[in-house]
Structures are given as C-alpha cells and as structure tokens.
Amino acid sequence: MFTLLELQDWLARLGAKPQHARRVYRAMLNVAAWPTLTDEKFPKKLREAIPEIRTKVESVLRIVHQDDATENEAAKLLFALQDGQTIESVLLPREGVCVSSQVGCAVGCVFCMTGKGGLIRQLDALEIIAQVAYARQVRPDTRKVAFMGMGEPSHNLRAVMTAIEFLGAYGDFPHKNLVLSTVGDQRVFDMLETSTVKPALAVSLHSTIDEKRRQLLPKAGRLSVDSLVEQAESYARATGYPTQYQWTLIDGLNDGDDELERIKHYLAGKYAMMNFIPVNVVEGSPYQRPPIERCAAMARFLHQNHIVAKLRHSAAQEVQGGCGQLRARKLQEK
Ligand code: SF4
C-alpha cells in the first residue's frame, strides 16, 4: 500500500522543497497542473519522476462503479483499493463529496449496512485524499467534503485529521466546508482543540437518551448526550460553524414526542441545526421509516421552537442505497 508518508519521503529524496511539494499536492487535487519536464523551477530529478509519482498516486484507488448522474444529482462511487478492499464515496449535488474513512466500521449502528461487517481496516490519509482527488477530476467544482461515508472518523482520527489538513492547505477548501462527522468521541474534541485546522462538526445523535443511544450505536464512545452537546456547542462558538446534528429517523424508535421535547431542551438557544434523515430501508431489516407527515411535523415542531431543522433524504438514499449497500451488493455478486 502506498501511503502519504511514503509520498512525502519520496518527494524529499528527490530534492523537493516545500513549494515544490505543494505544487505536486495541488496537482493531485486538480487545482494546479502537474510540473512538466521543461519546468526549470523544479529540481531535475523531481521533474523526471513526475510521471511515476502521478501513476503511483493515481493507483491508490481504482474506480469500479460510478452511477450515471448529472452534476446536480448524487452519484455513488465504488473504489477498489490496492489490497482489493472496496470503499464507497458519494458525489453530492451542490459541489460536495462524501468520503469514507475506514473499510467497514466498528460502531455497529443497528440501521447501517457498513456496521454489520465490523471494521476491516483503517484507510491511510492518502486513500482518503484520493477519493477527493477523484471527485475533483469528475466534478472540478467540488468545494465541500463530508467525512460521513463508511467508517467512524474518530476511530481513524490521525489519518482523517491529516487528510483534512492536506485538503485545507492544498485543495483551496475553506475549512468550514470540511465536515468532520462523529458519533461523539472524547478524542475528537481533544484533538480539535489543539488542531490548527478547524473543520465543521457533524454529530450523529439519533437519540437524546443515553441508554437508547447505546442500543442504536453499540460501540460509540461512552460520552453522555449532556457532555456531547456541551462540547459540540463550545466548539461551534469557538469556530463560528454551527454543529450539524444528524438524526436517522426510525419508526417507533426515535420519532416520539418525548424525543422532540428533549431535542428542544438540548438545542434551544444553541448554535446548531438538526438534520432529520428517514432511515434507509434495508431488505430484511426491522427498521422502517416513519410516515413522511410525521417526519415533516418533527422538523416543523423544532422550527416553531426556533431550532433550525431540515428534513433530508440522504444522498445515499437518492442513489438507492445507504452507506455500505453498494459495496455489499458488489461483494455478493462476486
Ligand atoms: S452509521 Fe456510520 S458510524 Fe454507524 S456503523 Fe455505519 S458507518 Fe459506522
């Protein structure tokens, strides 16, 4: 497996100074041209090695499936990694891409296909960056990256933060357009406090009741909802980016008035917004979506209580399949 660290070492061995490495990284992200053989601003050894570097970087991922879609539609992508493992990304409408941070996931959310298989392996930072590089090739206007695909970013935090830093430094991504999503883990808050890059924060809440969260997200960290909301709020105030709470709506499980009252209690007056996303229905799964009227009424209730709330259909849903489903289907076909 070719890693970001290996790339950095290689460039150093070729005599690349920071400005030369920067140009290579920007070329990888399709915001600058690759240096050419005649470009004398670059060390000769580096110029000569560019085709090989490019091939190596581009071989980190191989596209095996891409939905047909216009620029304004979501399109699911399936990539094969060098060891044959596969991961999903989603090109989002409105200039975004949703990337994976792990192969599989250890959190085991009961409604998620990725969680069913457990964690297979961590992604290297370069494998995360390569997903964005691909998105930039096929949709050059890509300006937003959500770390919301397969995997829990806090379980591969070093690689995710390295990728965020790389994209912020070389990809012209405003930091608020880099959205780090988490089920809530103390390590995320500790790391964000000291990090020079400040991404926006999305928190997968799904319930305001600690015990119920433990059932829905069995291997999420043990942060209480109190502590989660409190720490997310201070981060939002410090950065100026509202916390984006995610709530997968499941019929009869977390769509009751009790939850709504508790959301109101937690989020009223906070610098935050709530995204309700009806669950992606998986064959054989007991989890169903609430009636659409109920979903809309929940968002309306929060609005009436001055809490920004949106009812969304996940991009994954639009492309017929939630996180992990395309991968699972392709594995089955194999
Ligand atoms: S929803 Fe996210 S955190 Fe939960 S199991 Fe799936 S990939 Fe992991």
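**Helix 5 against helix 6**

Ala-125, Ile-128, Ile-129 and Val-132 of helix 5 are in contact with Ala-159, Val-160, Thr-162, Ala-163, Phe-166 and Leu-167 of helix 6. Sorted by type, the residues of this contact are nine nonpolar, one polar and no charged. The model is predicted. The points below cover how the two helices pack, then the protein as a whole.

**Helix packing**

- Two packed helices are described by the angle between their axes and by the distance between those axes.
- Helix 5 covers residues 125-138, and helix 6 covers residues 157-170.
- Their axes lie 8 Å apart, at an angle of about 45 degrees.
- Helix 5 and helix 6 are therefore oblique to each other; roughly parallel would need an angle under 35 degrees, and roughly perpendicular one of 65 to 115.
- The crossing of helix 5 past helix 6 is right-handed.

**Overall fold**

- The protein has 13 helices and twelve strands.
- The C-alpha trace spans about 65 × 45 × 35 Å along the principal axes of the protein.

**Burial and contacts**

- Buried residues make up 46% of the 334 in the protein.
- Among contacts with a separation of 6 or more, 68% join residues 24 or more positions apart.

Methods: Residues numbered from 1 in each chain as written. Predicted model: local features only at pLDDT ≥ 70, side-chain atom pairs only at ≥ 80, totals over all residues. Axes fitted to C-alpha atoms, helices over the stretch in contact; angles between N-to-C directions. Helix = DSSP H or I, 4+ residues; strand = E, 2+ residues; numbered from the N terminus. Parallel < 35°, antiparallel > 145°, perpendicular 65-115°, else oblique. Left-handed = near helix turned anticlockwise from the far one by under 90°. Contact = placed C-beta atoms within 7 Å. Nonpolar A, V, L, I, M, F, W, Y, C, P; charged D, E, K, R; others polar. Buried ≥ 20, exposed ≤ 12 C-beta atoms within 10 Å, placed from the backbone.
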